Amino acid sequence: MTLETFLSAHWLDMLSTVLGIIYIVLEYRAHIALWLVGIVMPAIDIWLFWSVGLYADFGMAIYYTLAAIYGYAVWRFGHKYNQKADEELPVTHFKHRLIMPALLIFIIAWATIYLILVRFTNSDVPITDSFINALSFIGLWALARKYLEQWLIWIIVDVVSAVLYAYKGIPFKAGLYALYVIIAVLGYYKWKGMMRNELSID
């Protein structure tokens with residue numbers, strides 16, 4: 001395979017990967033601009049995932065676009081308990097009372113997406129594809145609410161995604177998600193430190 005042929009086959013994967021790196025760096029820094037990149041990147045992924053038969057990821061990319069708009073609005077205009085009027089949305093812990101509802105929504109979403117893939121598509125990875133997308137629903141919501149534990153959710157999603165994308169022949173995306181695992185671990189401790197600083201200031 002020539003370089004020209006390789007680039008022609010993988011340019012979409014490469015572009016999405018570059019945007020993905022920018023996205024995760026902004027997320028690590030808890031910078032609101034991550035949501036703006038989060039609107040553009042899924043638009044590219046819609047085409048990419050459809051072309052390789054990752055239909056759940058295709059649908060999830062549409063959701064990501066809408067979730068990015070929601071996330072931007074929450075980070076820009078949302079408030080949490082005890083948040084000061086001129087203060088940015090603070091990093092907080094995932095509330096215990098939300099764990100069971102979130103788990104229930106994850107299980108329902110996983111089963112629903114799996115059934116859709118099995119019945120209406122020719123997906124050869126319905127269990128894995130539906131798993132990462134169902135868990136991503138929870139992860140995106142937790143990120144939008146700026147919960148520290150969103151990083152733990154993404155570690156699981158990123159590990160499984162890296163393996164899945166390598167299997168489906170989109171190597172740059174697979175490499176990106178392998179990098180995501182490392183950054184997610186670092187991001188967890190970064191946000192934990194930010195949360196401590198915010199509490200000490202209070």
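**Buried charges, salt bridges and helices in a predicted model**

Asp129 is found in helix α5. Asp129 is buried yet takes part in no salt bridge. The nearest side chain of opposite charge belongs to Lys168, at a distance of 7.7 Å. A salt bridge requires a side-chain nitrogen of Lys or Arg within 4 Å of a carboxyl oxygen of Asp or Glu. Leaving aside residues up to four places away in sequence, Asp129 touches Leu54, Tyr55, Ala56, Asp57, Leu117 and Leu164.

A search of the whole structure finds two salt bridges. One of them is formed by Lys173 and Asp45, whose closest N and O atoms are 3.0 Å apart. Lys173 lies in helix α7 (residues 171-201) and Asp45 in helix α2 (residues 34-51), so this pair ties together parts that are 128 residues apart in sequence. Both Lys173 and Asp45 are buried. For Lys173 the relative accessible area is 1%. The contacts of Lys173, not counting residues up to four places away in sequence, are Asp13, Ser16, Thr17, Asp45, Leu48, Phe49 and Tyr165.

Asp124 lies in the loop between α4 and α5, while Lys168 lies in the loop between α6 (150-167) and α7, so the pair ties together parts that are 44 residues apart in sequence. Asp124 is partly exposed, with a relative accessible area of 46%. Lys168 counts as buried because its relative accessibility is 19%, and the cut-off for a buried residue is under 20%.

The loop between α4 (99-120) and α5 (126-144) also holds Asn122. With a relative accessible area of 60%, Asn122 is exposed. The side chain of Asn122 is joined to that of Tyr55 by a polar contact of 2.9 Å. The C-alpha atoms of Asn122 and Gly53 are separated by 7.7 Å, although the two residues are 69 residues apart along the chain.

Helix α3 comprises the 23 residues 55-77. At 1.5 Å a residue, α3 should span 33 Å, and the end C-alpha atoms are 33 Å apart, which agrees.

Positive phi values occur in several places. Just after α6, Gly169 takes a positive phi of about 80 degrees. Ala30 is not a glycine, yet has a positive phi of about 55 degrees. Ala30 is found in the loop between α1 (3-28) and α2 and is buried, with a relative accessible area of 9%. Lys146, also a residue other than glycine, has a positive phi near 60 degrees. The loop between α5 and α6 contains Lys146, which counts as buried at 4% relative accessibility.

An unreviewed UniProt entry lists residues 6-26, 33-52, 58-77, 98-120, 126-144, 151-168 and 174-191 under "transmembrane region". In the model, the span of residues 98-120 is 96% helix and 0% strand, with end C-alpha atoms 32 Å apart. Residues 174-191 are 100% helix and 0% strand, and the end C-alpha atoms of this span lie 25 Å apart.

Notes: Residues numbered from 1 in each chain as written. Predicted model: local features only at pLDDT ≥ 70, side-chain atom pairs only at ≥ 80, totals over all residues. Heavy atoms only, no water. Helix = DSSP H or I, 4+ residues; strand = E, 2+ residues; numbered from the N terminus. Expected span 1.5 Å × (residues − 1). Buried < 20%, exposed > 50% of the residue type's maximum accessible area, 1.4 Å probe, protein only. Polar contact = N/O pair within 3.5 Å; in protein donor to acceptor, adjacent residues only side chain to side chain. Lys, Arg positive; Asp, Glu negative; His and termini not counted. Contact = heavy atoms within 4.5 Å. UniProt positions renumbered as here; feature names shortened; annotations may be inferred.
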